[in-house]
Amino acid sequence: MKLITFDEGRVGRLELEEGVVIELDVPSTREYFERGGKVGETGERLRYEDVTLRAPIRPKKFFHTAGNFIDHHNELTAVDWSHPVHKGIVFFQNLDAIIGPDDDIVYPEGLTKELDYELELAIVIGKSGKFFGPDEAEDYIAGFTVFNDITARDIQRKEMESGVFSFSKGIDTFCPIGPWIVTKEEVPDMHNLPMELRVNGEVRQQGNTNKTRITWPHLVAYHSPQVYSAGDLITTGTISGVAAVQPNPFDFYLQPGDVVEAEIKGIGTLRNKVVSWEEAYGEPAPKRVDW
C-alpha cells in the first residue's frame, strides 16, 4: 500500500497505476499505525491529479542515524572533522522542520553558505515497543519513505567541535520526507533498494541499501531502549556523494533555484525546490543570533 497525507491533512490509499486516491476514515497516518491499520474507508474516491500531497506522516519521535553506509563512512574519514563520525550516532530530528513533496526548502542565507543534501531511507515504526532484539525488530517495521537530510555544513563544522550535530540539520524546512509511505509488504527486499539523488537532473549521489554496516532490524533494535510509539521514524544514514566531501564542495552546495530529486527505487521520488529567504517571505533573511 502507498499511504498518503493530502490536501488539509486527509489520509488516503494511493492506487498509483489507476491514478486514484481512496480516502481512509482516520485523522492521521500516525493514528493509522496506532490502530494497527484497522481503519475503514470514507467511500470517497479522488483523482490523484486533483490532490496535493503533504508530508506523509507527523511522527511523535524522529530518530536520526549517522555513519551507517560503508561508502559514506569511508569518505567521511577524508573530511577534517574535529571528531570522528562513529557508527551508532543517533539524535532526534526537529519535527517542526518537516516538509513534504514539492514543498520549498528555504535557504536561510543569514545562517549558512554551505547547504548540503543527504539522501536517506526512513523506516516507519508500526507499533509501540522497547528493549527488544534484532530477531524481533522486523515485526516493528511497518513501511518506508524517502528522507532528504538537508544540512548546513558550516554550522555542522562548528557544532562538531563539541562532537555533536543537531542545529545544522534541524533548521526550518530542512527535513523533507515523502512522497508517501510504502508499507513493508510492497517491498520484497528492503536491503536491496537502489538510491539516487539528483540536483537539476545531475546525479550527485548513487548507492544501494545493500551497502550498510548493519541491517535495518539491527538498527531498529539498537534504538528500541529509547521507546517507540507507532508512527515513529528512523533514518538509516546517507550514501556517498554529498557536497561536503567533494574536492571543491562549493561547486556542489545547493543554491536557490536548484531542484532536488531524492529517489529510492520501490519507494518513490521526493522532489523539492530550494528558494531564497526573500522569495519565500518577501524580505531579506535574518542574521543568526550568535551565542
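Predicted model: local features only at pLDDT ≥ 70, side-chain atom pairs only at ≥ 80, totals over all residues.
**Entry 1: β1 and β2**
I began with strand β1, residues 2-6, and looked for its partner. β1 is joined to β2, residues 10-15, by five bridges, and the two strands run antiparallel.

**Entry 2: β2 and β3**
Next I followed β2 onward to β3, residues 20-24. Four bridges pair β2 with β3, again in the antiparallel sense. On this side G12 stands opposite E23 in β3. β2 and β3 also form a hairpin, this one with four residues between the strands. I checked its turn and found G19 with a positive phi of about 70°.

**Entry 3: D258**
I moved to D258, which sits in the loop between β16 (233-238) and β17 (259-264). Which side chain of opposite charge is nearest to D258? I found R204, 5.7 Å away. A salt bridge needs the charged atoms within 4 Å, and D258 has none, although D258 is buried.

I then looked for polar partners. The side chain of D258 makes a polar contact with the side chain of N200, at 2.9 Å. Leaving aside neighbours within four places in sequence, I listed the contacts of D258 as V199, N200, Y253, N272, K273 and V274.

How values were computed:
Residues numbered from 1 in each chain as written. Heavy atoms only, no water. Buried < 20%, exposed > 50% of the residue type's maximum accessible area, 1.4 Å probe, protein only. Lys, Arg positive; Asp, Glu negative; His and termini not counted. Polar contact = N/O pair within 3.5 Å; in protein donor to acceptor, adjacent residues only side chain to side chain. Contact = heavy atoms within 4.5 Å. Pairing = 2+ DSSP bridges.
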